[in-house]
Amino acid sequence: MLIQDEQLRKEIKKVLVLKTRNSIVKEIQKEGSRFHFFQLTNFLEGKDVSLSTLKKIDNFISKENL
């Protein structure tokens, strides 16, 4: 899995048209992952985030695109 942050940002912004940030965070948390609202916000603002945060967002987007 190669994570491209710019492409991932575009995909998450497409999902944000239909869902709120809070609902995305809740869905990631339902999978058993620790995830917080500020992590998603920091990622969308282009700030540095951890690799585990990127993986969680990438997994969420992968499931949304099925």
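Let me begin with the ground rules. The model is predicted, so to speak of a local feature a pLDDT of at least 70 is needed, side-chain atom pairs count only at pLDDT 80 or more, and totals for chains, interfaces and linings use all residues. Residues are numbered from 1 along each chain as its sequence is written, and side-chain values use heavy atoms, with hydrogens and water left out.

I turn to helices α1 and α4. Helix α1 covers residues 5-15 and helix α4 residues 51-64; helices here are DSSP runs of H or I with at least four residues, numbered from the N terminus. Their axes come within 10 Å and cross at roughly 55°. An axis is a line fitted to C-alpha atoms, for helices over the stretch in contact, and angles run from 0 to 180 degrees between N-to-C directions.

Which residues of α1 meet α4? They are L8, E11, I12 and V15, and their partners in α4 are L54, I57, D58, F60 and I61.

The buried residues of α4 are T53, L54, K56, I57, D58, F60 and I61. Buried means under 20% relative accessible area, exposed over 50%, and partly exposed in between, with a 1.4 Å probe and protein chains only. These buried residues of α4 pack against α1, α2 (21-30) and α3 (37-44), where contact means heavy atoms within 4.5 Å.

In α3, the buried residues are Q39, L40, T41, F43 and L44, and the buried residues of α3 pack against α1, α2 and α4. After α3 comes G46, whose phi is positive, near 85°.

Finally, consider two single residues. V25, by contrast, has its place in helix α2 and counts as buried at 4% relative accessibility. Leaving aside residues up to four places away in sequence, V25 touches F35, H36, F37 and L40. L40 is also among the buried residues of α3.

How values were computed
Helices (H or I, at least four residues) and strands (E, at least two) are DSSP runs, numbered from the N terminus.
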